[in-house]
Amino acid sequence: MIERILLAGLSEGAGRFRGAMADSLSLAQARRFALAAQGFTDPRPTGAVTVRHLRRVLGRIGLLQVDSVNVLQRAHYLPLFSRLGRYPMGLLDRAAWRAPRDLFEYWGHEASLIPVALHPYLRWRMARARDHAWGGMKWVAANRPDLVARVLDEVKARGPMTAAEIEASVVGPPSANAKVDWGWNWTETKRALEWLFYSGEVTAAARNTAFARLYDVPERVLPAAVLDAPTPTEPEAHRELVRLAAAAMGVAAEVELRDYFRLPVDEARRAVAELVEAGELRPVTVEGWRPRAYLYSGAKLPRRVNASALLSPFDPLIWERNRTERLFDFRYRIEIYTPAPKRVHGYYVLPFLLGDALVARVDLKADRKAGVLRVPGAWGEAGRPQGEVAEALAGALRRTATWLGLDEVAAPERGDLAAALADALRVPARVTV
């Protein structure tokens, strides 16, 4: 099943890197390996986007990070748009929340939507919840096992249910269960649910319109074939997850292979060593990189990359910020949690990929009431002609607005690319797909 997922994402026409099996890569080669591995050299659909296209992208990137911020669009929708163009978001909703589902929600790289076939390879994390879950969840499991049991019984009896519904049923009115000053200000009932979610005893059946999880037991949500699949040993699971990370990144340092699925240090290092010994990873040096890199044996080296895509702050291409800086000479930090007066570029800033380079960054906001894609700021990177970048970015912004159901793109409000981008947006749009 894992092989099926990976094969679904392989592109045609690009050859494996041979080059006399070189032990060193130029920075340009490393970028092209990385972008091909992430699906940016795959042809975009020319007709209707189908579940086959969605599976191809998931076969490339392995998972989609979930985040609640909705200033533009929720994080899990954006990587598909970056790779496929305008696609119906209901396609992903069906794959994630309706039977027969392709995806399930769990902790992969943070909260993530993950192919159901990977469920057996993440059971080690569920089994080790007492070691890896964070404080509030572990506290309630250790100190309130009675509450955890009552919550689980309620989900079994009445799921799918939101945390608020379970709270009211198990504990009573909100005043009977005061909020606690921890994490996201969770109640003990919510902590119990998250403990059960982490340990795999409940899962997410869906998300409601407020983006709250609806919890249910796995046997009512996940395919029986997945639940009945044998559980790999921990070394087998870690090896498979590192293999998937390597395939998704093309070339990466050990810390990045580990970070993709947030694996334990010692176990990930052992898996990397085993994959090197098996010939699936090749140690290489990359021009300008200090850490040793590992090239995936199935990585493809395209002659060129013709991408044009806005990238979510939670896109797997740029998850690991140090790798982003080494690959693209592009320092990127999300500023959602930075106080407004201290933000450099803005609240929700998306890097812009053009060709094989990150050439600009743009702060975006979907003003749904007005039907406008707002551009609070736009900045270009040094060394790229502003007119060329602005023209390409204007096209990307128009496509984004159309995909989101917005009628127009507003002129950018600030930034060194603002004037050129405003000029480009005034030019009548070309017909694009």
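Student: What share of the contacts in the chain with a separation of 6 or more comes from residues 24 or more positions apart?

Tutor: The share is 66%. Keep in mind that this is a predicted model.

Student: How many helices and strands does the chain have?

Tutor: The chain has 18 helices and 14 strands.

Student: How does the radius of gyration of the chain stand against that of a compact globule?

Tutor: Start from the expectation. A compact globule with 433 residues would have a radius of gyration near 22 Å. The chain has 22 Å, so the two agree. For the outline, take the principal axes: the C-alpha atoms fill a box of roughly 65 × 55 × 40 Å.

Student: What percentage of the residues count as buried?

Tutor: Of the 433 residues, 59% count as buried. The cut-off is under 20% relative accessible area. Now the outside. The accessible surface of the chain comes to about 19,000 Å². Carbon and sulfur atoms hold 51% of that surface.

Student: How far apart are the mean positions of the positive and negative charges?

Tutor: They are 3 Å apart. The chain has 61 positive and 50 negative charges in that count.

Student: How many salt bridges does a search of the whole structure find?

Tutor: First the general idea. Side chains of opposite charge can pair when their charged atoms come close. In this structure, the search finds 31 salt bridges.

Student: Which parts does the pair of Asp42 and Arg56 tie together?

Tutor: The side chains of Asp42 and Arg56 meet in a salt bridge, at 3.8 Å from N to O. Asp42 lies in the loop between helix H2 (27–37) and helix H3 (51–61), and Arg56 lies in helix H3, so the pair ties together parts that are 14 residues apart in sequence.

Student: Are Asp42 and Arg56 buried or exposed?

Tutor: Apply the cut-off of under 20% for buried. Asp42 has 7% relative accessibility, so Asp42 counts as buried. Arg56 has 13%, so Arg56 counts as buried too.

Student: What is the N to O distance in the salt bridge of Glu254 and Arg269?

Tutor: The side chains of Glu254 and Arg269 meet at 2.8 Å, N to O. The pair links distant parts of the chain, 15 residues apart. Glu254 is in helix H14 (residues 254–260), and Arg269 is in helix H15 (residues 265–277). Arg269 has 43% relative accessibility and counts as partly exposed.

Student: Which residue forms a salt bridge with Glu388?

Tutor: Arg384 does, with the closest N and O atoms 2.9 Å apart. Check the cover next. Glu388 has a relative accessible area of 41%, so Glu388 is partly exposed. Arg384, at 30%, counts as partly exposed.

Student: Now the backbone. Which peptide bonds are cis?

Tutor: Read omega. Pro100 lies in the loop between H5 and strand S3 (103–108). Another cis bond runs from Gly159 to Pro160, with omega near 5°. Pro160 is found in the loop between helix H9 (145–158) and helix H10 (163–170).

Student: What is the phi of Glu110, and where is Glu110 placed?

Tutor: Glu110 has a positive phi of about 60°, although Glu110 is not a glycine. Its place is in strand S4 (residues 110–115). Glu110 has a relative accessible area of 35%, so Glu110 is partly exposed.

Student: And where does Asp329 lie?

Tutor: Asp329 lies in the loop between helix H16 (321–328) and strand S11 (349–355). Asp329 has a positive phi of about 50° and is not a glycine. The cut-off for exposed is over 50%. Asp329 has 65% relative accessibility, so Asp329 counts as exposed.

Student: Which residues does Asp93 touch, not counting residues up to four places away in sequence?

Tutor: Asp93 touches Tyr77 and Arg98 on that count. Asp93 lies in helix H5 (residues 89–97). Now step ten residues along the chain to Leu103. The C-alpha atoms of Asp93 and Leu103 are separated by 9.6 Å.

Technical notes:
Residues numbered from 1 in each chain as written. Predicted model: local features only at pLDDT ≥ 70, side-chain atom pairs only at ≥ 80, totals over all residues. Heavy atoms only, no water. Helix = DSSP H or I, 4+ residues; strand = E, 2+ residues; numbered from the N terminus. Contact = heavy atoms within 4.5 Å. Buried < 20%, exposed > 50% of the residue type's maximum accessible area, 1.4 Å probe, protein only. Salt bridge = Lys/Arg side-chain N within 4 Å of Asp/Glu carboxyl O. Rg over C-alpha atoms; globule rule 2.2 N^0.38 Å. Areas by Shrake-Rupley, 256 points an atom, 1.4 Å probe, with all protein chains shown as cover. Lys, Arg positive; Asp, Glu negative; His and termini not counted. Charge placed at Lys NZ, Arg CZ, Asp CG, Glu CD.
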